[in-house]
Amino acid sequence: MKVAVAGCCHGALDKMYETLELLQRRHNVRPDLLLCCGDFQAVRNEADLRCMAVPAKYRHMQTFYRYYSGEKKAPVLTVFIGGNHEASNHLQELPYGGWVAPNIYYLGYAGVVRFRGVRIGGISGIFKSHDYRKGSGAAGTAERGGESHFEYPPYNQQTIRSAYHVRNIEVFKLKQLKRPIDIFMSHDWPRSIYHYGNKKQLLKMKSFFRQEVESNTLGSPAASELLQHLKPTYWFSAHLHVKFAAFMQHETNSKEELPKATKFLALDKCLPHRDFLQIIDVEHDPNAGDSLEYDAEWIAVLKATNSLVNVTQSSWNMPEKNGLHAKWDYSVSEEAIKEVLEELNHDLKIPCNFTLTAACYNPSKPQKNMEPVHTINPQTTEFCAQFGLTDINDRIQQAKEEGSGRGECEEEEEEEMDSTGSAEEPSEYNTDNSGLSSFNPDEIMLDEEGGDEDLSTCSVDPSPDHPPEFSTSFSDIRIMPDSMAVSSDDAMDSNNEELEKSAGSKQVEEKSSTERSLKRIGGDENGNSGVKKIKRRNQAIYAAEDEDK
């Protein structure tokens, strides 16, 4: 089947779906599924905008609300993960995943689903070491728990950012999976993946990555850990706003184990003249239905790890075989998977139970003072009841009522806490880079003043000998070649490019009728700004003015 993969959508759903329709009209290519690698921005109303960690002047409604209200419907089944620019209050309603609009499905903090027999997994958010280990035993008990998404709206200056930081409990759950994964998505890149692609070309396009690439600190160590454990056939990411392909051959643990390899692809953001969409052919089960389905092993893992669920913010270490934990292996048996199938009568179809849980934006009656509220979504309630899981938001609500929760109305001293979380215990990882920890002009503070500068598309393509064909379309669509055999050795880059010369690629790009120039001013990891200025045309996509650049 044909799968379309998109980078940072930034709420521009109309543009993304129009691009797919243009692809069908011009090239007779119709994707069966659309995957989005974060920064989706499922913004329903003005309150949701207040929950996005971006400067206020870049909080734009965009077009998702039209799909939420039912005015429009996604023309293709869309599955997405969260990034670091999201309506966190909306996504928080669906910690285990669910429908944010008809035909648009969110994978949750971490999740695995199936479509036409293809197994698709993902993890939402970005890595930050100071929040990675948050999660501890319930207050007043000796129980050890790991679910640490304690944040709830209205957020304060700290929790609006920590809400989308990856937690180790999600990584731990995913590491319990034993069955093969076909496709996996993360917002930030797995650390070290740049050593398996055209690194020279990447640094030519993004020279400000050089220090972190050379020190091997660019990207998420948690995602890298998952990549090495899951070894999926495909891994897709976004976040860094540049297209990059890599091919990673995994080491085998035994002579009997068959070699495995992962084709990695990072996509650019959804803007004119940006290579944000890719079409790939994926082997599927021709006898499978067209409905999105639960994954039986993942449901069994959720059930097995349910005792770890908690909503406190103390530090928590994943169970290990080190003598400190009574149990460290939460992987599930074939019998446990069979029990899940029997519970569902072998019907894994995810119910189409989308429910409106918030007022929808009305352009004729804007409500600029709308405040976000903590909401328990009926989809989550139904899911937890069906599988005997803890409803995280219900637990948060209980904690709030008991006076042990955290939110906007905290003590003034806590609200002024350093957002870097320096008071927290250190992570097991000795660095704190999420992929944009230093300086990226594509993803930092923006200045609206400045002139035009015609910069080339920020795309590191595995087939550089096939330049983009500019037309009257507004985006660049490429048909992904079957092979992405690139090497970690830069000396082999030219050879790898030759391997791709024969691969076909189709592209469609449409120029925007209006363009607004912006000057981007960067800052380093310590918050120093003014290091470098880059002007870029087209409407800018923003970034938070904090360490989550």
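Guide: In helix α11, the buried residues are Ala296, Glu297, Trp298, Ile299, Ala300, Val301 and Leu302. This is a predicted model, so please read every value here as computed from it. Seven of the nine residues of α11 are buried, which means the helix is largely enclosed by the rest of the structure.

What does the covering? The cover over the buried residues of α11 includes the strands β6 (110-115), β7 (118-123) and β13 (292-294). Helices take part too, among them α7 (168-174), α12 and α13 (378-387).

Helix α11 spans residues 296-304 and helix α12 spans residues 334-343, and the two pack with their axes 8 Å apart. The angle between them is about 105°, and α11 and α12 are therefore roughly perpendicular to each other. On the α11 side, the residues that meet α12 are Ala296, Glu297, Ile299, Ala300 and Lys303. Their partners in α12 are Ala336, Ile337, Val340, Leu341 and Glu343.

Now for the wider setting. The protein chain holds 16 helices and 17 strands, and 59% of its 549 residues are buried. Among contacts with a separation of 6 or more, 80% join residues 24 or more positions apart. The chain exposes about 21900 Å², with carbon and sulfur atoms supplying 46% of that area.

Thr19, in helix α1 (residues 13-27), is buried at 1% relative accessibility. From Thr19 to Leu277 there are 258 residues in sequence, while their C-alpha atoms are 8.7 Å apart in space. Cys8 sits in the loop between β1 (2-6) and α1, and is buried with a relative accessible area of 0%. Cys8 and His241 lie 233 residues apart in sequence but 7.7 Å apart in space, C-alpha to C-alpha. Leaving aside residues up to four places away in sequence, Cys8 touches Gly38, Asp39, His187, Ala238, His239, His241, Asp268, Lys269 and Cys270.

A disulfide is a covalent bond between the sulfur atoms of two cysteines. The count here comes to zero. Take Cys9: its closest cysteine sulfur is in Cys36, 5.0 Å away, too far for a bond. Cys9 is buried at 1% relative accessibility, and Cys36 is buried at 0%.

A search of the whole structure finds 20 aromatic pairs. In one of them, the rings of Tyr234 and Phe236 have centres 5.8 Å apart and planes at 20°, so this pair is stacked. Tyr234 counts as buried at 11% relative accessibility, and Phe236 is buried at 0%. Elsewhere, ring pairs link Phe40, Phe64, Tyr68, Phe80, Tyr106 and Phe354 into a cluster.

How values were computed. Residues numbered from 1 in each chain as written. Predicted model: local features only at pLDDT ≥ 70, side-chain atom pairs only at ≥ 80, totals over all residues. Heavy atoms only, no water. Phe/Tyr/Trp six-rings, centres within 6.5 Å; stacked < 30°, edge-to-face > 60°. Buried < 20%, exposed > 50% of the residue type's maximum accessible area, 1.4 Å probe, protein only. Helix = DSSP H or I, 4+ residues; strand = E, 2+ residues; numbered from the N terminus. Contact = heavy atoms within 4.5 Å. Areas by Shrake-Rupley, 256 points an atom, 1.4 Å probe, with all protein chains shown as cover. Disulfide = S-S within 2.5 Å. Axes fitted to C-alpha atoms, helices over the stretch in contact; angles between N-to-C directions. Parallel < 35°, antiparallel > 145°, perpendicular 65-115°, else oblique.
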